[in-house]
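Have a look at it with me before reading on.

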Amino acid sequence: GRSVHQIQSGQVIVDLCSVVKELVENSLDAGATSIGRIPSPAPDVELDVRFKGNGLDAIEVQDNGNGIAPEDFETIALKHYTSKLSSYDDLTSLHTFGFRGEALSSLCALSNFHITTARASDVPRGTKLDFEQSGKLKSKSVIASQKGTTVAVEKIFQNLPVRRKELEKNIKREYAKVLSLLQSYACISTGVRFSVSNHPGKGNKVVAFSTKSNSSTRDNISNVYGAKTVLALLTLDLELEMQSASGPSTQSARSWGTQDDGSKKIQVRGHISRPVVGEGRQTPDRQMFFVNSRPCTLPQVAKAINEVYKSYNVTQSPFIFANLLMDTNAYDVNVSPDKRTILLHDQTALLESLKSSLVELFDRHDQ
Ligand code: ADP
Ligand code: MG
């Protein structure tokens, strides 16, 4: 039968998107510097994401980050193992947990998993690490390697037959979802050179898209979606107020974005297509949302923006790239198992203010 470790891992890693999200965030973290409480990758990070068989055969994420220290080899995939569920009750309430330290150990349980890593001081030598399903280090060997880390996930869900069958059946759709997620990371990560490719199995490697390092979000969007898309975009740079229900706050007044009167400021930065009627479709139907530069889904914000857009009698939906910068106290991340749906506190006032700011922006550019 399946071990508790496998069952639990299957709730952390639910699909291809969760695999890629965890690996990409680890790679971004590997070269990261921290500005306040918002992590941001160091400049000149390179990230190469390779799929084989649309991800069914393998997903490899390679970075040029700091690598893994030899003293961590034994524990890396075990980390926080003891902080995980200890009783059946915890299984059902798992979605309320943070998943810190659970990604690698979960991937060991669900796939054929290995790592190649080298620190700057190690190159041109690196170490290949193989793990047991429990996350225990099975073997290590010296191989040639550049600085950085490559994490390989082969045959994901191989030991969860129902999940594996389901994935095989829906692989086209799942791969498309994974590409959208990677496009979001690539567009928001201005310091990072992204390269994403797929080796479908028969035929040659296909480069899905790539971006350059040290480019603006606009450049990234241009590289990912084409130069034509960028021409149709207005710059979003809004400053909104989010009234705190609890009134004036003295305790949190010093934290980021909080004003003395208790209201909170939220910045919305990004790009949105003009609501032009009668023009041919120039922009792809893509809506990307971020909170503090992390890709997420914000259904209520999306709905509000689309409503404004519709009020201009435009039938196509807008291209949206919106990064909401705000205090980390202003939202909850753990409302969905994949941590991607974000719940904003006090959002009624925010949504109203967002709508009127958008109307103002569109009217200013209405020519
Ligand atoms: P978490 O990211 O929450 O710490 P993970 O299971 O995702 O937990 O990763 C465990 C640890 O493995 C990380 O804390 C980090 O030390 C190390 N690690 C994972 N991926 C990389 C990488 N690409 N480069 C360097 N270290 C990594
Ligand atoms: Mg992680």
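These are my entries, sorted by topic.

**Ground rules.** I am working with a predicted model, where local features need pLDDT of at least 70, side-chain atom pairs count only at pLDDT 80 or more, and totals for chains, interfaces and linings use all residues. Residues are numbered from 1 along each chain as its sequence is written, while chains are lettered from A and ligands numbered from 1 in the order in which they are written. My helices (H or I, at least four residues) and strands (E, at least two) are DSSP runs, numbered from the N terminus.

**Ligand 1.** I looked up which residues are near the ligand (C-beta atom, placed from the backbone, within 6 Å of it). There are 16 residues around ligand 1, and Asn26, Ala30, Ala103, Leu104 and Thr149 come nearest. Two or more residues each are given to this shell by helix H2 (16-30), helix H4 (103-110) and strand E8 (148-154). H2 supplies the largest share, four residues. I then sorted the shell around ligand 1 by class and found six nonpolar, five polar and five charged residues. For this, Ala, Val, Leu, Ile, Met, Phe, Trp, Tyr, Cys and Pro count as nonpolar, Asp, Glu, Lys and Arg as charged, and the others, Gly among them, as polar.

**The eight-stranded sheet.** I noted an open sheet of eight strands with mixed pairing, in the order E7-E6-E5-E8-E4-E3-E9-E10. Strands pair here if DSSP finds at least two bridges between them. E7 (137-144) and E10 (206-210) are the edge strands with a single partner strand each, so one side of each has no neighbour in the sheet. On average, neighbouring strands of this sheet are turned by 15 degrees against each other, direction ignored. I also checked one pair: E5 (residues 112-118) and E6 (residues 125-131) are antiparallel, with four bridges. Thr117 stands opposite Thr127 in E6.

**H2 and H6.** How are these two helices set against each other? H2 and H6 (residues 171-188) pack at about 25 degrees with their axes 9 Å apart. I took axes as lines fitted to C-alpha atoms, for helices over the stretch in contact, with angles from 0 to 180 degrees between N-to-C directions. On the H2 side, the contact is made by Leu16, Cys17, Val20, Lys21 and Val24. The H6 residues in this contact include Tyr175, Leu181 and Tyr185. Residues count as in contact if their C-beta atoms, placed from the backbone, lie within 7 Å. The contact of H2 with H6 has nine nonpolar, no polar and three charged residues.

**The five-stranded sheet.** I found another open sheet, ordered E11-E12-E15-E13-E14, with mixed pairing. Its edges are E11 (233-242) and E14 (294-296), each with a single partner strand, so one side of each lacks a neighbour in the sheet. Here neighbouring strands are turned by 25 degrees against each other on average, direction ignored. E13 (residues 287-291) and E15 (residues 320-325) run parallel, joined by five bridges. Phe290 has Asn323 in E15 as its bridge partner. H6 packs on this sheet, where H6 touches E13, E14 and E15.

**H9 and H10.** My last stop was H9 (residues 299-310) and H10 (residues 347-364), which pack at about 30 degrees with axes 10 Å apart. They are therefore roughly parallel to each other.

Note on methods
Angles under 35 degrees count as roughly parallel, over 145 as roughly antiparallel, 65 to 115 as roughly perpendicular and the rest as oblique. Two residues are in contact if their C-beta atoms, placed from the backbone, lie within 7 Å.
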